[in-house]
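Dear colleague,

Please find below the structure for your review. My findings follow it.

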Amino acid sequence: MRNPTLLAFVFVAPAMSVLLLILGWPLVSAIILSLQDVRSVGSPGAWIGLDNYAKLLADPSLWRATGMSIAWVAANAVLQTALAMIAALVLSQNFPGVRIARTWIILTWIVPTVVVVIIWRWLFSTSGGMINPLIVQSGLSARPIGFFSTPWMAFATLVFINSWRWFPFVTLMLLAGMTRIPGDLYEAARIDGASAWKRFSRITWPLLKPTLGVLSVVGTLLSFNVFDIIWLMTAGGPAGGTRTLPVLIYETAFKGYRLSEAATMSVIATVLLLTFALLTVRSLDRQEERE
Amino acid sequence: MRRSLGLNILLAIAGIFLLVLVVLPFWWVFSSSFKLPQEIISRTPTFFPHSFTVQHYAGLLTRSAYATYVVNSLIVAIASTLITLLLAVPAAYAFFRLEFPGRQALYRIILLAYAFPSIVILIPLFGMFAKLGIIDTLPALIGVNVAFALPFSIWMLRSFLASVPREIEEAAVIDGAPPTVILRRIMIPLIAPGIASVAIFAFISSWTEYVFASVLIISDAKRTVPVGFSGIIGQYQIDWGLLLAGAGLAVLPVIILFAFVGRWFVSGLTEGAVK
């Protein structure tokens, strides 16, 4: 094996074939499935062309779930960025124990989602739990608060729980971006008498923009895909208040036994996501050129 | 660099806020898993347990198949980690250190794979695995976990490979060492922290995976912790003690792993992001 090109292919081939087999081929099958009428796994389906698309694009439940997904992604982006910015600013400082804190901040991200679900179901529980007794005792509310009782409350609570799980990931990305900012800039600003807020708003924030740009793409894709937390916590309820696109797709396929319709929805979702990702990446590139 | 007093106070407040946000929920769950049932549902929550019992842990291990779930999860996670390493390290080496036609295009495709909504794959994959007759087997899960860990793993190794000076490699090439030997003898030892990061990432993503395990595994004896555990949630009339003990046991392996190699993982994640 002296031929380097051949060897490179030998190195790449195993990984590529796994990806093609387990990600690539199912993706093609999803498109094929969306052009057929298949109800449950294994049953044959007739070719019906674009009928599924026509039917679903006229279906309000798809648009409602799409709207829910957009709200979900946006709310998570805001909360996660806010929490992560606080965490990154703290962890970029020097204080005793900062090295341990930088490692263990990731704790909420590395535990199974089912554990996250248990933790917060219990803490937010209306009978017992931890948060409600504290709220009642401190007199903030006379009765326990039903954190999952109304669609709006359930949505807000889930956004908090999901952001709690994901903000450490964003924190590490921001920290990485901060280490790229030259220290002399802060030194110079200090000598000029700039306040801490000025140093943040004039140096840290603008120079973090490329990192935030990348995060807006990656974070959108990651948030959009969140399914297990929502499913285990509320199963899309109450009254569809947390039924995002992945939840709707899962329900359609495995509860409603309408595989082809679910495949069609997932193709539509993929097209939406890719369009968003490509447009964002292009506008980021253009911004960089301008600067 | 010295900070003003006001800034120090602000920093302390933010630090305590983060500590409460991240650590307190875990402390409450962990400490409460040792409380007697009546203390768990008491209207006045206790910060430190007033009672001590291991009955929830004992109940979990005897009344449910939790131990089986843990064994299954360990098998799947360890096998996924090893296979991911076996595939990702040579591939990353070829992508970032060797020249071959189509290199850029292939790398872009790999990154794209990371962006796809996994729910898209789920439906056709179920059909495909059903045809192959590997539904309800652990290898099916291992395959899926490897495929999902690969793109991120290859991307993560990039910065580690980039940090190895070209001269070291060139000297070996002049000495007549073939790339296989260079990879094994020079690269792998030098990027050991990167390999550790990838291993932790692959282990954690497999240990926590829920969606595919819930669809591809049917029999109770083959369930992994996330799926088996979510079954317990519905099965019993909410027995918080049992659930809290289960949560404690599901977190334990990850915490142990992280205590040893967590530092490498976090630096691997951040260094990858910079490049």
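In this model, 75 residues of chain B are in contact with 75 residues of chain A, contact meaning that the C-beta atoms of two residues, placed from the backbone, lie within 7 Å. Helix α13 (residues 240–274) of chain B gives the most to the side of chain B that touches chain A, namely 15 residues. That side divides into 63 nonpolar, 10 polar and 2 charged residues; Ala, Val, Leu, Ile, Met, Phe, Trp, Tyr, Cys and Pro count as nonpolar, Asp, Glu, Lys and Arg as charged, and the others, Gly among them, as polar.

The model is predicted: local features need pLDDT of at least 70 and side-chain atom pairs count only at pLDDT 80 or more, while totals for chains, interfaces and linings use all residues. Residues are numbered from 1 along each chain as its sequence is written, and chains are lettered from A and ligands numbered from 1 in the order in which they are written.

Chain B has 13 helices and 0 strands, where helices (H or I, at least four residues) and strands (E, at least two) are DSSP runs numbered from the N terminus. Its C-alpha atoms fill a box of roughly 75 × 65 × 30 Å along the principal axes. Of the contacts in chain B with a separation of 6 or more, 79% join residues 24 or more positions apart.

In chain A, helices α8 (residues 151–179) and α10 (residues 196–225) pack at an angle of about 145°, their axes 9 Å apart. Axes are lines fitted to C-alpha atoms, for helices over the stretch in contact, and angles run from 0 to 180 degrees between N-to-C directions. The contact of α8(A) with α10(A) has 6 nonpolar, 4 polar and no charged residues.

Yours sincerely
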